2 protein chains.
Amino acid sequence: MTKFVLDERLARRPVAVDWALSTVLFVDDARFPWVILVPRVPDVTEIHELSAEDQSTLVGEVARASRALKAAFHPEKINMAALGHHVSQLHVHVLGRSKSDPLWPDPVWGPGERVPHNPVPYGDPGFEEALELLRAALEAG
Amino acid sequence: MTKFVLDERLARRPVAVDWALSTVLFVDDARFPWVILVPRVPDVTEIHELSAEDQSTLVGEVARASRALKAAFHPEKINMAALGHHVSQLHVHVLGRSKSDPLWPDPVWGPGERVPHNPVPYGDPGFEEALELLRAALEAG
């Protein structure tokens, strides 16, 4: 069996937490509270390629991440998506949206530039602070 | 308990099949093979609001829809997303993408107009034919 290796483009993002199946990455974008779940299963690009057990674990971890984002950042709506046009290694975006965010109601994957937390825009806490807030919620969730 | 009623904007789309949890709607867009799964659970807008059992059933149905789209239409990549900015009733998009499609690698929810199957563009089979092909694959999947 091939060993799982996190795609190098995904690996540029900080790890917020490791759960039973997924490594949870934090996306440094002050516009949205945003994590990416990467199941640590080698050579998988689609959810239906996971075992039924891993599919169930994954959706449970998506739900847990959603609850944590709601608890930490109070978004109005959760977005969840697996696209994989640029990075084919299976990864699931889970992020919070609000009617006041800069792209509502458009999706976050189209036009629009990422806004890093440092320097601080939109009155958000800085990157480290946001990451700590997220980690606490993910661990509690 | 409230009775489940399909949102009227979702209800404009034809039902391809009813599964244990979800009603599977067919999106008439010749650019992409595309279905929408709507869990028949009242008053739910987020995946994490479903019971753990329904979450597992939902991801299994997403996987089944993905396999059916691959079998019937041979896309290169599956997209899966729950957004809900316009229709808050929980619904999950599952669709096939190919590098030759008109929006690759952009998401399908941004710019770009829907292309109905009739009249037939892109050499695709007509709407009824596509729906029949999809139904057969969904039932076999």
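Rings of Phe, Tyr and Trp (the six-membered ring for Trp) are taken as a pair if their centres lie within 6.5 Å; planes under 30 degrees apart count as stacked, over 60 as edge-to-face and the rest as tilted. By this rule, four aromatic pairs are found over all chains. The model is predicted, so local features need pLDDT of at least 70 and side-chain atom pairs count only at pLDDT 80 or more, while totals for chains, interfaces and linings use all residues. Side-chain values use heavy atoms, without hydrogens and water; residues are numbered from 1 along each chain as its sequence is written, and chains are lettered from A in the order in which they are written.

Trp34(A) and Trp109(A) form one edge-to-face pair. Their centres are 6.5 Å apart, with 85 degrees between the planes. Trp34(A) belongs to strand β3 (residues 34-39) of chain A, and Trp109(A) to the loop between β5 (92-97) and α2 (127-140) of chain A, so the pair ties together parts that are 75 residues apart in sequence. Helices (H or I, at least four residues) and strands (E, at least two) are DSSP runs, numbered from the N terminus. Both Trp34(A) and Trp109(A) are buried. Buried means under 20% relative accessible area, exposed over 50%, and partly exposed in between (1.4 Å probe, protein chains only).

In chain B, Phe32(B) and Trp34(B) also pair edge-to-face, at 6.1 Å centre to centre and 70 degrees between the planes. Phe32(B) counts as buried because its relative accessibility is 3%. Trp34(B) counts as buried at 8%. In chain A, ring pairs link Phe32(A), Trp34(A) and Trp109(A) into a cluster.

The relation between the chains was examined next. Chain B can be laid on chain A with an RMSD of 0.0 Å, by a turn of 180 degrees and a shift of 0.0 Å along the axis (least squares on the C-alpha atoms of residues with pLDDT of at least 70 in both copies). This is the relation of a two-fold axis. In chain B, the C-alpha nearest the axis is that of Ala81(B), at 2.0 Å.

Helix α1 (residues 52-73) of chain A meets helix α1 (residues 52-73) of chain B. Their axes come within 9 Å and cross at roughly 120 degrees (lines fitted to C-alpha atoms over the stretch in contact, with angles from 0 to 180 degrees between N-to-C directions). Contact means heavy atoms within 4.5 Å. Residues making the contact include Val59(A) and Gly60(A) of α1(A) and Val59(B) and Gly60(B) of α1(B).
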